[in-house]
Amino acid sequence: MLFGRDRELTALGGLIDAARDGHGGALVFSGPPGIGKTALLRAAGERAEDFRILRTTGIESEAGLPFTALHMLLAPVLDRIPRLPGPQADALRGAFGLALPASEDTRFLVGLGLLTLLGEVAEKTPVLCLVDDTQWLDGPSSASLAFAARRLTAERVAVVFAARDEEEGAATGLPGIRVLTPGALDAAEARAVVEAHSPALGPGARDRVVAESAGNPLALRELAAGLGETAVTDVAPTALRASAAVTATFRRRLAELPDTASRLLVVAAADRSGDVGTLMSAARSLGCDLADLDTAVRARVLVVEGSSYAFRHPLIRSAAYQDASVTDRVNAHRALGDALSTSSESTGGASVLAATWHRALAATGPDADVSAAMEQAADNAWVRGGGPAEAYALAARLHPEQAHRARLLTRAAQTAIVAGDTGRATELSASAAGLTDDPALRAALAMIDGTAENFRGHPRRAANLLVTGAEGLVSADTGAPGFTAAPETGLAATLLAIAAGYAWFSGDETALGRAAALAGRCVPGSRVGAAIRGLAALSRVGAQGRLGTSSDGRFPTAPGTAYTPATACTPGNATTPGSAAAMSSLTEFIAHERTTPASSLIIRMFAAHCARIIGDDEAAADLGEAESTRCRAYGTVSALPDVLAGLAHARLGQGRHREAEATVAEAVAFAADVGQTHVLADLHAVALRVAAIAGDAERCRAITDAHPELTGSPALGLLELGLGNHEEALAHLEAVVDGPESPGAAPAVFAIPDLVEAAVRAGRSERAAKPLERFLAWADAAPVPWLKAVAARCRALPDFDRKGADETVLEYLFVSALDHHAVAGRPFEFARTELLYGEWLRRARRRVDARGQLRSAEARFTRLGAVPWAARARAELRAAGEGDSHEARIPASALDSLTTQELHVVRLAATGAGNQEIATRLFLSRRTVEYHLYKAYPKLGVSSRRELVKLDLPELR
């Protein structure tokens with residue numbers, strides 16, 4: 001019986017009942033040693049008697065062995081793997097060493113395979129997974145379990161984790177999963193525990209135990225039991241403390257065992273298999289036999305069930321291993337290495353890595369042969385999708401030569417950063433850096449450190465680290481790695497492409513200039529090098545502009561150029577040769593990547609970033625869709641958050657707001673999977689702009705409260721502009737455009753049209769003149785129709801309300817803007833131009849002409865959910881003599897009623913994709929896909945997939 005755990009047991013009951021009904025989920029119990037986490041796992045098992053129960057436990061000494069904990073969990077159901085979709089089955093077989101992997105990056109296909117496998121097992125009997133000592137799980141097992149646990153929407157599966165946290169509120173390493181922290185028992189509950197487990201204990205000793213155990217359930221039981229004969233005299237030991245006293249009790253119990261039983265327990269503590277056969281095979285070589293196993297069981301140290309064994313409590317395992325002599329530990333690992341090596345001859349796979357791991361731990365000094373074997377085992381684990389950072393680090397520790405230690409530590413750091421463990425990655429990187437001056441290794445370490453800094457939210461630091469790493473390569477002879485026949489795939493080009501992206505989006509023109517100069521030296525003839533140099537040139541255009549202004553500050557023109565209808569929108573008026581060449585290099589690079597993608601993921605992502613930078617939404621969407629498809633096909637989830645962030649921005653620009661928000665929701669989930677919190681601000685910036693366009697101040701406030709770094713977003717200026725707060729909009733947008741953080745970055749440049757309109761409507765046109773120079777220079781150079789349209793609109797705005805303005809010029813500007821809008825892009829900007837043109841026509845007493853523009857504007861705004869803008873268009877229509885009788889409002893899309901996950905599923909189903917294909921692409925289970933379709937059909941007014949495919953909804957295409 002558990003005392004004082006009503007809240008936890010209620011949560012367990014709800015989780016298990018929901019899973020029984022087909023609504024899976026997960027729960028984490030987190031707390032200090034002895035607080036009752038393992039007991040709650042036992043209680044979960046007792047409440048789920050009708051479930052198939054799978055168990056695994058993390059073991060500290062083997063946390064570096066990839067997928068071993070997952071293998072232990074799934075061992076009873078491995079025979080179900082052949083029933084899975086091919087890529088998932090291959091990924092699981094590869095992870096467990098049962099077959100060669102089918103692709104290079106299977107880490108998250110393993111998680112998807114786990115999800116599907118649990119769902120298949122649960123078809124007949126619900127499944128409960130119990131995971132103890134989660135803090136010591138190997139990284140790949142932990143990531144796979146968390147990945148699956150967050151996606152159990154429609155499965156009859158429950159997962160319960162127990163994680164040791166020494167400090168209250170410490171992170172569990174399982175984001176997105178509900179955490180409960182059992183608290184200390186109160187005095188009454190503590191007395192009940194002591195009375196239940198040690199009824200013979202006298203009142204005085206009982207009260208002392210209760211007082212000294214600090215409400216820790218394990219301390220209460222073990223300390224009371226440890227009093228033994230002293231119980232009758234009501235005397236308790238002094239200075240009892242929960243954690244130390246419990247460990248001391250266990251240690252006394254271990255110290256009383258015979259030597260051979262103690263040696264067997266050291267082997268058991270070093271082993272992670274839980275297999276009696278493996279334990280005895282290793283222990284016999286140290287003079288132990290089955291009688292010693294019986295002794296450990298009688299002493300309440302081990303529990304044996306069939307062919308499996310376990311320590312009665314994780315603290316006993318820790319004590320047995322930590323208190324062992326160095327000789328006993330080395331002998332235990334050597335014996336396990338020999339035993340597992342023998343078994344691997346028949347089982348292969350993971351046993352090879354485990355055998356090598358134990359032999360490496362048994363090494364007492366540098367050993368090149370053992371190091372080489374450990375490196376090979378780590379290589380095999382990496383190919384199978386594991387994250388063997390600690391295996392490479394162990395190989396490095398054992399190698400006698402410094403150069404090899406540096407290389408192996410670099411490899412360890414690389415695998416750690418891919419796994420999202422930035423802290424360990426930079427620690428390993430620093431160790432490697434202290435051992436080498438090799439430019440290629442130093443450049444690789446710069447990439448690791450730069451990636452870590454970006455993950456931590458410091459892109460400027462990241463850019464400078466990467467440029468410095470590339471400088472080392474360029475300074476070395478041209479035979480160093482990075483100078484290859486295909487420069488796009490070289491290390492130098494890779495470093496510079498990443499650095500250029502970080503520098504651009506953080507507004508670091510100095511780092512961008514350094515990257516451009518290096519690109520000119522090391523990859524002079526490549527498209528990617530030209531694109532990097534183009535970005536640097538473009539940043540100067542975006543920051544400074546290249547235009548003159550008229551004497552009154554209202555009409556930016558090229559120096560010496562008369563402002564007339566014939567020249568107002570003529571391409572080339574504002575373009576300098578440098579900006580034209582910069583744009584040309586970027587557009588050529590983007591076009592080439594759309595048709596002939598590079599083999600390098602980083603170069604492909606750089607192309608997508610470039611498309612986003614110049615405002616080419618169509619190219620950015622195409623590149624993002626293509627890269628998203630690749631990531632899903634190969635299980636490259638680590639790249640998906642950034643890929644989807646770019647895709648969400650592109651869809652937002654295209655006016656596909658619902659899809660943009662759905663993409664954000666999916667990307668946020670993937671960011672949790674791979675621990676990439678750095679991308680969250682960029683993702684939520686999309687949601688913030690959607691809310692701003694909708695005029696939803698409350699939602700904007702909620703987003704910025706959750707993400708304070710977005711308080712400087714230009715979207716908030718757009719919100720104020722839409723709500724008619726022109727002075728507030730102008731002040732905010734000036735801070736964005738003129739702020740020190742991003743003088744040349746695209747978000748600042750793209751905010752200028754909002755600033756211009758705010759300034760004009762606030763009667764402060766002169767404050768828009770200088771920023772407008774920047775935007776017009778940019779738009780004139782960019783081959784993007786919507787930018788040219790908005791540029792023409794902005795040219796018209798300063799004279800919008802001025803008496804005596806040349807109406808011929810103004811109309812020419814508006815008509816030219818609409819002509820550019822009609823080519824492609826940004827329906828929100830299209831509607832704004834129509835609105836402004838309609839307003840101007842009405843004020844020019846051309847009401848009939850005005851109504852057509854205003855109706856079209858209102859329709860577009862309504863489709864986009866731009867509430868205050870649609871209201872303005874309707875007000876202008878009324879002022880133009882048209883009442884509300886026209887009310888031919890564009891109805892909300894049927895898709896607006898769908899959840900984000902339903903939208904993803906429905907879009908793919910509408911293309912004819914089957915449920916399993918959809919599940920694979922979205923990293924869901926097949927049952928979850930079926931569940932979402934079942935919920936979506938009534939909302940769309942259909943009853944089958946066939947009707948869905950025939951449904952005429954352009955948003956699905």
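# A walk through the helices

Start by selecting helix α18 (residues 389–398) together with α19: their axes come within 8 Å and cross at roughly 170°. That angle makes α18 roughly antiparallel to α19, since anything over 145 degrees counts as such. Keep in mind throughout that you are looking at a predicted model.

Show the side chains where these two helices touch. On the α18 side you will find Ala389, Tyr392, Ala393, Ala395 and Ala396, and they meet Arg405, Leu408, Leu409, Arg411, Ala412, Thr415 and Ala416 of α19. Colour them by class and you get 9 nonpolar, 1 polar and 2 charged residues in the contact of α18 with α19.

**Stay on α19: Thr410**

Now click on Thr410, which sits in helix α19 (residues 402–418). Is Thr410 buried or exposed? With a relative accessibility of 2%, Thr410 counts as buried. To see what surrounds Thr410, select Ala432, Leu441, Ala444, Leu445 and Ile448; Thr410 touches each of these, leaving aside residues up to four places away in sequence.

**Zoom out for a moment**

Before moving along the chain, take in the whole model. The protein chain has 47 helices and 9 strands. It runs to 957 residues, of which 57% count as buried. Take the contacts between residues at least 6 apart in sequence: 70% of them join residues at least 24 apart. Salt bridges are part of the picture too, and the structure holds 51 of them.

**Helices α31 and α32**

Next, select helix α31 (residues 657–674) and helix α32 (residues 680–693). They pack at an angle of about 155°, and their axes are 10 Å apart. This makes α31 roughly antiparallel to α32. The crossing of α31 past α32 is left-handed.

Which residues make the contact? From α31, pick His657, Ala660, Glu661, Val664, Ala667, Val668 and Ala671; from α32, pick Leu680, Leu683, His684, Val686, Val690 and Ile693. The contact of α31 with α32 divides into 10 nonpolar, 2 polar and 1 charged residues.

**Helices α34 and α35**

Carry on to helix α34 (residues 714–722) and helix α35 (residues 726–738), which pack at about 165° with their axes 8 Å apart. Here again the angle makes α34 roughly antiparallel to α35. α34 passes α35 in a left-handed crossing.

By class, the contact of α34 with α35 comes to 6 nonpolar, 3 polar and 2 charged residues.

Centre the view on Arg832 and follow two of its links.

- Go to Asp754: Arg832 forms a salt bridge with Asp754, and their closest N and O atoms are 2.7 Å apart. Arg832 lies in helix α41 (residues 827–843) and Asp754 in helix α37 (residues 752–761), so the pair ties together parts that are 78 residues apart in sequence. Arg832 and Asp754 are buried.
- Go to Glu829: the side chains of Glu829 and Arg832 meet in a salt bridge at 3.5 Å, N to O. Glu829 and Arg832 are 3 residues apart in helix α41, so about one helical turn separates them. Both Glu829 and Arg832 are buried.

**Last stop: Glu807**

Finish at Glu807, in helix α40 (residues 807–823). At 48% relative accessibility, Glu807 counts as partly exposed. Where does Ala844 lie relative to Glu807? Draw a line between the two C-alpha atoms: Glu807 and Ala844 are 8.8 Å apart in space, and 37 residues apart in sequence.

Methods
Residues are numbered from 1 along each chain as its sequence is written. This is a predicted model: local features need pLDDT of at least 70, side-chain atom pairs count only at pLDDT 80 or more; totals for chains, interfaces and linings use all residues. Side-chain values use heavy atoms; hydrogens and water are left out. Axes are lines fitted to C-alpha atoms, for helices over the stretch in contact, and angles run from 0 to 180 degrees between N-to-C directions. Helices (H or I, at least four residues) and strands (E, at least two) are DSSP runs, numbered from the N terminus. Angles under 35 degrees count as roughly parallel, over 145 as roughly antiparallel, 65 to 115 as roughly perpendicular and the rest as oblique. A crossing is left-handed if the near helix is turned anticlockwise from the far one by less than a right angle, and right-handed if clockwise. Ala, Val, Leu, Ile, Met, Phe, Trp, Tyr, Cys and Pro count as nonpolar, Asp, Glu, Lys and Arg as charged, and the others, Gly among them, as polar. A salt bridge is a side-chain nitrogen of Lys or Arg within 4 Å of a carboxyl oxygen of Asp or Glu. Buried means under 20% relative accessible area, exposed over 50%, partly exposed in between (1.4 Å probe, protein chains only). Contact means heavy atoms within 4.5 Å.
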